[in-house]
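Hi everyone, thanks for coming along. I'd like to walk you through a few local features of one model, so please have the view open as I go.

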Amino acid sequence: MRKCILILGAFVLLIAAIGGCKSDPKYETLLVAGSTEMLPYTKALVKGLSKKRKNLLISYDGGGSTPGIIALKRKAIDVAAVSRLLTDDEDDAYTESFLIAKSCIAIIVHPDNPVKNMTTEQVYEVFDGRSQNWKAIGGNDAPIRLFTRKYGSYTRKAFQKIAMDGGVVHDSALRIESGKEMADAVAEDPDAIGYLPLYDIAKAGDRVSLLSINWVRMDKYSILSGRYPFTRSFYYVLYHKPPDAAKAFLRFALSGEGQKIIEEMDAVRVR
Amino acid sequence: MRQRHTGNIIFKTGRLLTWLVWLICLMSGTAWAKGILFKGSLAVLPVAQLVAEAYMRENPSVLISVDGGGTARGIKALIQGTAQVGMASVEISDELKHFADEKGVELVFHKIGHDSVIPVVHPYNPVYSLSLEQLRQAYAGTISNWKEIGGKDAPIELLTLSRLTGSYDVWRGYVMTGETPMTPDAMQCSEERLHRLIRGNPNAIGYLPIKSVSKGVRPLSINGVYGNVSSIMAGKFPIRRLLGLYVRKGDPDPDIRELVRYFRDPDIGQYLMKSKGMIPLE
């Protein structure tokens, strides 16, 4: 009988200990900054974690991947959001990069356009104005009508970085406000070409045709494997001796719940 | 009688505890999720992408991501636990071995094949073979005219691939022997561009992974040995690099073991390697 009470007592103490940990009244703060492209995902993950950890105050900001890593190493922030692999200089013994999502940019044309594939070189040549007629890439004898996003758009920045090797879209391109309007414009013009990030593609549906690039079709698998050329990888990076709150944020981002948030925002979950 | 009674209570309490912990985990959203990350060598990347996609199609509940970054970055991520497989085209460095020891991580290497790079010239170039030493001197800039190596009296126009590529690493390791710096006069380009420039310039020399050596350029033999799949596999061609996968020793994940098997399977990974112009194991 005494042994029973001892065991039950230990059990109660254990549960109390677990419960006690969860309701620690001390405030914790966390600062996440970096990639502006990742902001919507950071925001959603922060929101999701804040609901569960009421005593955790999380601030998040943009600023860019590169400044984010610098700030991380100076310990000015706790988690850096980075939308690319770290460079050889940035990567050191203390950096820990966690891949949390993948996304991509699709090249879109009108569904009636006979061109179904372009090589990465052709994409570059078309968007920087060197190729101006569809017949140069096996299509109809018609001028290529370029569409791009307005200056300042994260999508436009990302597109120029990964599809144009840092070059810029030709001046003749019509500037569009949003992904939705880009899809609308291309859907109405048989000679149009534009680009859409993954989260606008679902809504565009059958109204536009997605080109395969280097004969690789864009789908979940080719995005995860990276074989589809215009893929984006999203990382959160921790540095030396990260605070518990930072580790908790990463755990959440990689948890089933966090990855579901990623999925609901039309990015590709990695777990 | 009392002891048995107590034993029962311990047993039941244990079960209750386990069930409770599992329930807490479930409720806190850490439901079992399956993600595997392959990270590392760009030389292994092309076949890893194909194997990953093939595996995901057979196993829809497993998500496999593949990333570059180079061998060292891949092994580092593996040691830190942010990646599950390190793709490697060089053996683990002492520095990283030390890092692994520090973290108490033991790694196992599974070889999957080889790759190589072949020096190429214009089809009209009268030079058919060079020694490794001549190649090194040409790329170091100490030999600058073709006539010094049996060719025409014309300047050697050097082409090289981007420093971020596995091919550049191979060239640097096997031709420059890792010590001699490549002359900055060597023009950096992509494979496509290098191929195009060689086709158009009888004085140009470059190098390409074996899969990219196609019509329009002529491969050079090294020390009289022609570089093809059999001479590379036989170890006769002097440029040959082992490719493989690092994993954590005793990794309990059955998918990791199965994936390694996929790579080494003659009908899956090995076949895909050949399709990508890589040299298989056997």
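Helices here are DSSP runs of H or I with at least four residues, strands are runs of E with at least two, and both are numbered from the N terminus.

A quick word on the ground rules. This is a predicted model, where local features need pLDDT of at least 70 and side-chain atom pairs count only at pLDDT 80 or more, while totals for chains, interfaces and linings use all residues. Residues are numbered from 1 along each chain as its sequence is written, chains are lettered from A and ligands numbered from 1 in the order in which they are written, and side-chain values use heavy atoms, with hydrogens and water left out.

Back to α5(B), residues 132-140: which of its residues are buried? They are Leu135(B), Ala138(B) and Tyr139(B), where buried means under 20% relative accessible area, exposed over 50% and partly exposed in between, with a 1.4 Å probe and protein chains only. Down the axis of α5(B), the buried residues fall within an arc of 90 degrees, so they line one face of the helix; the arc is taken from the directions from the helix axis to the C-beta atoms. The partners they pack against include β5 (117-121), β7 (157-161) and α6 (166-174) of chain B, contact being heavy atoms within 4.5 Å.

Now over to chain A. In helix α4(A), residues 120-127, Val123(A), Val126(A) and Phe127(A) are buried. Those residues span an arc of only 85 degrees around the axis, which puts them on the same side of α4(A). Among the elements they pack against are β4, α5 and β8 (192-197) of chain A. Just after α4(A) comes Gly129(A), with a positive phi of about 90 degrees.

Positive phi also turns up away from glycine. Asp165(A) has one of about 55 degrees; this residue sits in the loop between α5 (154-163) and β7 (174-176) of chain A and is exposed, at 67% relative accessible area.

Next, a serine in chain B. Ser41(B) lies in the loop between β1 (35-40) and α2 (45-58), and counts as buried at 1% relative accessibility. What does its side chain touch through polar atoms? One partner is the side chain of Ser89(B), in a polar contact at 3.1 Å. That term means a pair of N or O atoms within 3.5 Å; within protein, one must be able to donate a hydrogen and the other to accept it, and residues adjacent in sequence count only if both atoms are side-chain atoms.

Strands pair if DSSP finds at least two bridges between them. β5(B) and β10(B) are antiparallel over 2 bridges, and Val120(B) stands opposite Pro219(B).

Residues lining the largest cavity include Asp91(A), Glu96(A), Lys39(B) and Arg73(B). α3(B) gives the largest share of that lining, 4 residues. A cavity here is a set of points, on a 1 Å grid over the protein atoms alone, where a 1.4 Å probe fits but cannot get out; lining residues have an atom within 4 Å of a point.

Key
On a 1 Å grid over the protein atoms alone, a cavity is a set of points where a 1.4 Å probe fits but cannot get out, and a pocket is an open set with protein on both sides within 12 Å along at least five of seven lines; lining residues have an atom within 4 Å of a point.
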